[in-house]
Amino acid sequence: MTHPIRIAPSILSVNLGHLAHSLESISCADYVHIDVMDGHFTPNLTFGPEMVRACKGLTDLPLDVHLMITNPDETIDWYIDAGADLVTVHYETASHLNRVVNHIKSRGIKAGVVLNPSTPVCMLEDIIDDVDVVMLMSVNPGFSGQSFIEGTVAKLRKLTELCRAHDADPLIEVDGGISLATINRVVAAGANLLVAGSAVFGADDPAQMVRDLRDAGEAARAPRA
Ligand code: DX5
Ligand code: ZN
């Protein structure tokens, strides 16, 4: 479990009129996080595959596409064809999670599973060996700028234990309310890929905030197992 700390700014927090400039401003990040919401699974409607395609043309960073949509198996190829490098699917939306995860991997990109704040880590028991990434939501999906849910820290510890029991080593991603005030707690509990929307794009200097978050995360890193 020696993954470096990686930062994934979420474009949900950008002024879309300045998308190109915003992406340029975080070119020192590790991923661009794209929140796809369908107005059914989430109380908000956001981006489709054309946004993924637009980002692909505007940045060299890998694209982390977070699908918050019902029936993801019906449309997942749209996002892969548009240039996603990592697709994460909510456990709560996929009736055939194993099939979806293996399909994503068969297309040559990374596959991840996401848990809502109220979905327990034990639901990953029979998929943990197959995923490249596990993401824990630390807010209820829908909006940027929400407060971090503290129970995520205990869930991260359980996730770390589950990974150890399976000798699995996925990236461990956390999404929602990540800032300089919270990153140390989630990293100490095992997270290594941190999504940050309002903290990065609300900062005067987004690039410096990416570096500050990464440095704070590296300093708080959990002791090697
Ligand atoms: C929420 C989204 C998040 C959001 C994070 O449903 O999945 O990615 O953009 O925004 P912050 O970092 O502001 O909580
Ligand atoms: Zn997200």
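**Loops, fold and cores of a predicted model**

Asn71 sits in the loop that runs between strand S3 (63-68) and helix H3 (72-81). In this predicted model, the backbone at Asn71 takes a positive phi of about 50°, although the residue is not a glycine. Most residues other than glycine have a negative phi. Asn71 has a relative accessible area of 40% and is therefore partly exposed, as this value falls between the 20% and 50% limits.

A positive phi is also found at Asp167, where the angle is about 55° and the residue is again not a glycine. Asp167 belongs to the loop between H5 and strand S7 (171-175). With a relative accessibility of 74%, Asp167 is above the 50% limit and so counts as exposed.

The protein chain is built from eight helices and eight strands. Its radius of gyration is 16 Å, close to the 17 Å that the globule rule gives for 225 residues, so the chain is as compact as a globular protein of that length. The C-alpha trace spans about 45 × 40 × 30 Å along its principal axes. Of the contacts in the protein chain with a separation of 6 or more, 66% are accounted for by residues 24 or more positions apart.

Turning to burial and surface, buried residues make up 54% of the 225 residues in the protein chain. The chain exposes about 9,600 Å², and carbon and sulfur atoms supply 48% of this area. As for charge, there are 16 positive and 29 negative side chains in the protein chain. The centres of these two sets lie 5 Å apart.

In soluble globular proteins, nonpolar side chains tend to be buried together. Here, the largest nonpolar core has 68 residues, and those with the most contacts inside it are Ile11, Ile34, Val87 and Leu194. Helix H5 (residues 151-166) gives the most to this core, contributing five residues. A second, separate core holds 11 residues, including Val133, Met135, Leu171 and Val195.

Asn116 is placed in the loop between strand S5 (110-115) and strand S6 (133-137). Its relative accessibility is 12%, under the 20% limit, so Asn116 counts as buried. Beyond neighbours within four places in sequence, Asn116 is in contact with Phe41, His90, Glu92, Met137, Pro141 and Lys155. Asn116 and Asn140 are separated by 24 residues in sequence, with 6.6 Å between their C-alpha atoms.

Asn184, by contrast, is found in a helix, H6 (residues 183-188). Its relative accessible area of 37% lies between the 20% and 50% limits, so Asn184 is partly exposed. From Asn184 to Val14 the distance is 24 Å, C-alpha to C-alpha, and the two are 170 residues apart in sequence.

Key:
Residues numbered from 1 in each chain as written. Chains lettered and ligands numbered in written order. Predicted model: local features only at pLDDT ≥ 70, side-chain atom pairs only at ≥ 80, totals over all residues. Heavy atoms only, no water. Core = buried A, V, L, I, M, F, W, Y, C linked by side-chain atoms within 4.5 Å. Buried < 20%, exposed > 50% of the residue type's maximum accessible area, 1.4 Å probe, protein only. Helix = DSSP H or I, 4+ residues; strand = E, 2+ residues; numbered from the N terminus. Rg over C-alpha atoms; globule rule 2.2 N^0.38 Å. Contact = heavy atoms within 4.5 Å. Areas by Shrake-Rupley, 256 points an atom, 1.4 Å probe, with all protein chains shown as cover. Lys, Arg positive; Asp, Glu negative; His and termini not counted. Charge placed at Lys NZ, Arg CZ, Asp CG, Glu CD.
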